[in-house]
Amino acid sequence: MREKAARALVALAGRSLGGGGSGWALAMEAELDAAAEDGRALGFALGCVAAAWRELPAHEEGRFILASNALALVLLVPAAALLLASVAGDFPFSYLGAAGGQMPLVNDANLPAVPPLAALVALLAAAHLRIAWLVLERDWDRVAGAAMLAAAAAVTSVIFTAVAFVDCASAIRQAGTLCVELAAVAALARWHGRRAYA
Amino acid sequence: MTRSRRPSKQMLALLEGLSERPREWRHGYELMKKTGLSSGTLYPLLMRMTEQGLVEAEWQAPAQPGRPARHAYRLTASGVALARASEEAGRPSGLRVSPA
């Protein structure tokens, strides 16, 4: 079990070293047997991962890996978490009221619009998570599909909140944030296309 | 403008480990045991020193069938010179050995 984990970690280290470091990845993999004979496979493998991650900023593919992880884990996943938190909280007040500080008008007339709006916001959050996952997978075709879904959900929520709650400031702000996120994703995809990493 | 930097403690340990028998090829794990460096420190050092032309590496056929080929390392002439210079610099002046 420990040796399997060690092999997986050395493979992760190899992947992090990228195409330019494939020779070093093989060198680490070959030494794993010697470390395993001493019962130190896991420690050796963890060191290899640390070494590979320390090398990330030193080569372009490493910088690309850092940028894509930062985009996914620092921008997209927290954005999804905030959207889901607003749905889980006192929706729609937490979602609509945040923009101008004024509480939204919710009455008998627009109360039935709350569940569909919650579904839309949840869909937007899910699209964020899917984009984050696909960015890490470097599956740009499917990223484009998920981005279209997110854009459609954002535009629909702007129209929906404008009509049902006469206050679309929060939805517009969400759509604006999404535009920035998608611009960053597009820049990353162009970078990937230019370098054509494996 | 070139900048000469004093080798780090870890690099000195690796230089010392490799310069004991400078013409002999050493494997990564053997160097870890010899120098006390972890793989997380040893491999970045080996990468840097190979780039700087201080260390050379070659693939060696496996000792046992079914095992992968292993990467082995030794100092280049520049590496040996640096190891000697570092050794000299680290030695107390009273003990410095002068050539006959």
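1. The contact between the chains involves 14 residues of chain B and 16 residues of chain A, two residues being in contact if their C-beta atoms, placed from the backbone, lie within 7 Å. This is a predicted model, in which local features need pLDDT of at least 70 and side-chain atom pairs count only at pLDDT 80 or more, while totals for chains, interfaces and linings use all residues. Residues are numbered from 1 along each chain as its sequence is written, and chains are lettered from A and ligands numbered from 1 in the order in which they are written.

2. On the side of chain B that touches chain A, helix 2 (28-35), helix 3 (39-51) and strand 3 (70-75) of chain B each supply at least two residues. Helices (H or I, at least four residues) and strands (E, at least two) are DSSP runs, numbered from the N terminus. Helix 3 of chain B gives the largest share, five residues.

3. Helix 1 of chain A (residues 2-17) has 16 residues and reaches 22 Å from its first C-alpha to its last, close to the 22 Å expected at 1.5 Å a residue (1.5 Å times one less than the number of residues). After helix 1 of chain A comes A:Gly18, with a positive phi near 75°.

4. Buried residues of helix 1 of chain A include A:Leu9, A:Val10, A:Ala13 and A:Leu17 (buried: 20 or more other C-beta atoms within 10 Å of the residue's own; exposed: 12 or fewer; C-beta atoms placed from the backbone). Seen down the axis of helix 1 of chain A, the buried residues fall within an arc of 165°, so they line one face of the helix; the arc is that of the directions from the helix axis to the C-beta atoms. Helix 2 (22-37), helix 3 (41-55) and helix 4 (60-88) of chain A are among what covers them.

5. The face of helix 1 of chain A turned away from its buried side carries the exposed residues A:Lys4 and A:Ala8.
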